[in-house]
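Student: Could we go through this structure together? I would like to start with strand pairing and then move on to other topics.

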Amino acid sequence: MVELLIIASRYIFLVLISVFLLQSVVILLAQNRKINPHAAKAASVSQRVVIFMVHILAFSILSLGDAHPTVKTAALQVGAAFFIFFILALILIKIFYKNACPLIINCLFLLMDLGIIIITRVVPDLALRQLIFMAAGFMLILFIPVILKVIPKTDSLSLLYLIVGGVLLASPFLFGVTKGGATNWVAFNIASSEISFQPSEAVKFIFVFYLASVFRKERKLSGLIAPIAVSMLFILILVYQRDLGASLIYFLTFIAMLYIAENKPLLVLSAFAAFSAACVIAYKMFAHIRERVEAWLNPFADVADTGYQIAQSLFAAGTWGPLGSGLTRGLPGYIPAVESDFVFSAICEEFGVIFGLALIGVYIVIFIRGMEISLVAESKYHKMLAAGFAAMLCFQTFLIIAGNMRFLPLTGVTLPFISYGGSSIVVSLSMAGVIIWTAGIDTDAAGE
Amino acid sequence: MKVNRNICYVFGIYFVLFAALAVWIIKFAAFDAQSIIANPYNPRVNLADSRINRGKIFAYSGEALAEEAESEYRARNYPHAFAFAHPLGFSGYNSQGVESLYSMELLTVEREFSQRIKNASESAPIYGNDIVLTLDYALQSKAYELLEGKAGAVVVIEPSTGRILASAASPSFNPNRVDTEWEQLLADTENNPLLNRAAQGLYPPGSVFKIVTLAAAKRYLPDFESFTCTCEGSEVFDGKTLRCYNETAHGEVDYKSAFIKSCNIYFAQLGQMVGAENLKKTAEELLFNTDLPYPLEYVNSSFAADTSSGIAEMAETSIGQGKTLTTPLHMALLAASLANDGYLMQPYIVDSVVTPFGKTAKKNLPKMSQRLFSTEECEMFTEIMKGVVTEGTASRLPEQLNMAGKTGSAETASGDDHGWFVGFAPADSPEIAVAVLVENCGGSAQVLPLVEELAGVWSER
């Protein structure tokens, strides 16, 4: 019987995510008062029902199917725990936020649910851990209004951001651990258990706050020297640590915020020119970059070694046709680092490429909403915050999906809200939290 | 407000990027995926659901070529073992050929829901889709029969469509026993039975290459038609003595008589006049050093001469000796495009995918690959290739076959010459293009009886 459920699920998941996207459009229209604003409420409820159904269907397959026994036990625990987390979160968000955007919250939970499903599927031992990080990240979302109220004038702390960010980014040079070819992890031993995190993730958060506080006022050209120098320094540190993905994300976020705030296309163009030159130099200087580019251009030339990862990713997404293999039926485990860097390919493998495209749609909904929030924000500082975080998440999502599907060379960054990784999920959720908070600020202000 | 406008611009760019990515993914899933998944490093292809009966493979004329054996533990049964082994390949570990490339199609379950329900309730078997090949059973069987006991290959293509009617190679192997005999098959480096000589065997083309040399002359020497030379049976080129076959002195020859009689001296001189650069350019336009549009495993032909080559090497290269190497498949493709007004149709071997319920799930249609020869060139070659058969080196082929072709006897470092025949029939409205190669048989004279029998099978149909 589970057989039939799995076959049917390939269609059902697709229908569910289509309904979700359709309701997203309804909410977007209602929030812009193009249609009756009350339609948003019903649409939001049906989105939550969709998430619930996706959750039940996926965890039924994982716990009843012929998957590995460890998957089955993990599925029961994690499935139940995530469900409780979801319900509690919906209650708590109402208490902490007067007007939290239901659309972003629903999208976040759909993505996190898919993340926990795919992590339970491929690395069941890590699923509970990931759920704890998700809960921690969500707690941060809840406390963002309080924190930002307690710390007054977050817009005038640029020097503090700069120092803290710089120290954190440089910390891997002192306590660094090398993972996946990049020296960008910091490890501490506290009470004989190792705690490690990625400073480049945490500093993303500080970096956008720094730029927003610098750009909150119109500046003369001479006033731009400091932020440009600081950003370049941060990016160079990341390049030196071989964290190519993060340095790209920092660079493009910086460019986006610079352009939005200062409206100097010439400056942006020259930055891109300098960046292209830097890419060429980096290509010539670093063997690991050349290797990546070659694996991108022709992954099958050296399929046994350098091309292996991207080739497996393409096999995963391409073998089973548009509807995928069905959950538990594919072989996503053959892709190295599938749970952190290649979740998109794993989802395409078992849920199908059409589902993958719909998933991109869910991200787009978040980014459209982020853009709208930034457009209607009252102050330039808040505009910069919302736009900066949305742009950062947007580019990160684009970069990793493009890398998975061989549209661009691979840069090892995580897929926000889905990929396994504590630092990543906590920071991504916090960023989304600031966007949600920005939306709330102005309704408060309008009410006063 | 400029800030808001800029926000819209920035996100506009991002959304355009995502749209491009989505188009890329759709293109990948719809078009590119099919051709990359059949890779030995893709474990998914061999992840057969043990409940699915792999689909059957049929010749175009209807004979079953591969089916599931009716035994306790399931195995694949290949009723016509040796004759079809190379193009068909085999499934399972180390899988090759059509069995490997189309494995996913053979395991695709049509009406999966109803088949699975029947399987669960009545334990009825689940069937994958069947595949119908373009191979003609009679031609393929005859081709292998003619090659049996020799080493060589036969490729037959329908010029107007690119359908592969036969692709045989010998020595062959028994795909029913690859599992048990794998080590021996690999170890047999003398006979190399696993090597598909039709598409993966590299041979000096010999006089067949004169097609390329003459095409280059036509393209780059405006007055080549008036060029004649006197052949005395042998001539020294920068210390290297070139001989015509049996050292026959052909006397005064022009391009027509030299091609028809296969005069090496004439073509060695013609090649010098064309020059290395132009000859190389023409060879590459005619698919040397280039990927072929072929669906199964193959190797590229190579043309090595260049501007640094000396007179002796150029003379040898012009008559298909030297470092030039090609495959029977490649020569058959040249013949097929000459027979189709210069247009090379993309060769294909799978005609259609058929569901167990009799519905055609997929049908491959002829596709133009590229144009290799101009109409004028085709007319010239048809005329002189007819001459080869009526009055030249292939005159022992019976007139009623109405063939056009070119013979070749390629010298080898060890042993007797390889024999070649490349051509098409009927000469004026071609239905088949062929390339036949037999290793170390002594020369083209030994190949012509094979061509005759093969063409006989075709005309009897």
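Student: How many bridges join strand 18 of chain B to strand 19 of chain B?
Tutor: In this predicted model, strand 18 (residues 418-425) and strand 19 (residues 432-438) of chain B are joined by seven bridges and run antiparallel.

Student: Which residue is the bridge partner of B:V422 in strand 19 of chain B?
Tutor: The partner of B:V422 is B:A435.

Student: What lies in the loop between strand 18 and strand 19 of chain B?
Tutor: B:P426 is in that loop. The peptide bond joining B:A425 and B:P426 is cis, with omega about -15°.

Student: Where is the other cis bond, the one from B:S170 to B:P171?
Tutor: B:P171 is in the loop between strand 8 and helix 7 (178-187) of chain B. Omega for the bond from B:S170 to B:P171 is near -5°.

Student: Back to the sheet. In what order do the five strands of chain B come?
Tutor: The order is 8-7-19-18-17, in an open sheet with antiparallel pairing. Strand 8 (164-170) and strand 17 (404-410) of chain B are the edge strands, each pairing on one side only. From one strand to the next, the twist averages 5°.

Student: And which strands of chain B does helix 6 lie across?
Tutor: Helix 6 (residues 137-147) of chain B lies across strand 7 (152-157), strand 8 and strand 19, and runs at about 25° to strand 8 of chain B.

Student: Changing topic: what is phi of B:E247, and is the residue buried or partly exposed?
Tutor: Phi of B:E247 is near 55°, a positive value in a residue other than glycine. B:E247 is in the loop between strand 11 (240-243) and strand 12 (251-253) of chain B. Its relative accessibility is 45%, so B:E247 counts as partly exposed.

Student: What about B:S262, buried or exposed?
Tutor: B:S262 is buried, because its relative accessible area is 7%, under the 20% cut-off. B:S262 also has a positive phi, about 55°, and is found in the loop between helix 10 (255-261) and helix 11 (264-274) of chain B.

Student: Now chain A. At what angle do the axes of helix 4 and helix 15 cross?
Tutor: The axes of helix 4 (residues 102-122) and helix 15 (residues 353-376) of chain A cross at roughly 150° and come within 10 Å. Helix 4 and helix 15 of chain A are therefore roughly antiparallel. The crossing is left-handed.

Student: Which residues make the contact?
Tutor: Among them are A:L103, A:C107 and A:L111 of helix 4 and A:F355, A:Y363 and A:R369 of helix 15 of chain A. By class, the contact has 14 nonpolar, no polar and one charged residues.

Methods
Residues numbered from 1 in each chain as written. Chains lettered and ligands numbered in written order. Predicted model: local features only at pLDDT ≥ 70, side-chain atom pairs only at ≥ 80, totals over all residues. Heavy atoms only, no water. Axes fitted to C-alpha atoms, helices over the stretch in contact; angles between N-to-C directions. Helix = DSSP H or I, 4+ residues; strand = E, 2+ residues; numbered from the N terminus. Parallel < 35°, antiparallel > 145°, perpendicular 65-115°, else oblique. Left-handed = near helix turned anticlockwise from the far one by under 90°. Contact = heavy atoms within 4.5 Å. Nonpolar A, V, L, I, M, F, W, Y, C, P; charged D, E, K, R; others polar. Pairing = 2+ DSSP bridges. Buried < 20%, exposed > 50% of the residue type's maximum accessible area, 1.4 Å probe, protein only.
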